[in-house]
Amino acid sequence: LFRSLANVMGKDDVALGMKSCMKDKLITVTKDGSNVIIARAKDVAPFKDSVRELLENLRTGGDVNAADADALKKRKLASQETVKTFTIVKGPNFALEKKKLATDITRQMLTDGSWATADFKKLNFNA
């Protein structure tokens, strides 16, 4: 049975499934000479699929502990990604078109009075 499953699913996947079943005491493995006998364990309680519950918890935005996360990563059922989000809001100087800021007051600004309503660049006196 193990060899036929290993041919179809791959040896690593079958071995991982067998380990999981033995850990949950769903199967028993006994050796009879050179033969390995895999049998369903007697008096098995109703099966609780903890991996499915972990994946469902992750899908809904829940958290899992580090050991469970490592187990899911090892089985390639989950991967960790960093998601960065940015919120952009209109600031006090928002304008649809770019406005050129004046750097100095010119003679023309003084004569026509546009200096009173003009926006100026901030000066850096620490330079």
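Student: Why is K73 called partly exposed?

Tutor: Look at the cut-offs: buried means under 20% relative accessible area, exposed means over 50%, and partly exposed is in between (1.4 Å probe, protein chains only). K73 has a relative accessible area of 36%, so it goes in the in-between class. By the way, this is a predicted model, so local features need pLDDT of at least 70 and side-chain atom pairs count only at pLDDT 80 or more, while totals for chains, interfaces and linings use all residues. Residues are numbered from 1 along each chain as its sequence is written, and side-chain values use heavy atoms, with hydrogens and water left out.

Student: Where does K73 lie, and which residues does K73 touch?

Tutor: K73 is part of helix 4. (Helices are DSSP runs of H or I with at least four residues, strands are runs of E with at least two, and both are numbered from the N terminus.) Skip anything up to four places away in sequence, and K73 touches A78 and Q80. Contact here means heavy atoms within 4.5 Å.

Student: What makes K76 exposed?

Tutor: K76 has 75% relative accessibility, so with the cut-off at over 50% it counts as exposed. You'll find K76 in the loop between helix 4 (66-74) and helix 5 (107-112). Its phi is near 60°, a positive value in a residue other than glycine. Most residues other than glycine have a negative phi.

Student: How do you know that K99 is exposed?

Tutor: Same test: K99 comes out at 55% relative accessibility, so it counts as exposed. K99 also sits in the loop between helix 4 and helix 5. Its C-alpha atom is 66 Å from that of V14, and the two residues are 85 apart along the chain.

Student: Why is L110 called exposed, and what is L110 in contact with?

Tutor: The relative accessible area of L110 is 53%, so it is exposed. L110 lies in helix 5. Leaving out neighbours within four places in sequence, it contacts I105 and W115.

Student: How do you know that strand 1 and strand 2 pair?

Tutor: DSSP has to find at least two bridges between two strands for them to pair. Strand 1 (residues 27-32) and strand 2 (residues 35-40) have six bridges, in the antiparallel sense. The strands form a hairpin with two residues between them, and G33 in the turn has a positive phi of about 70°.

Student: How many of the 127 residues are buried?

Tutor: Buried residues make up 9% of them. As for contacts with a separation of 6 or more, 5% are between residues 24 or more positions apart.
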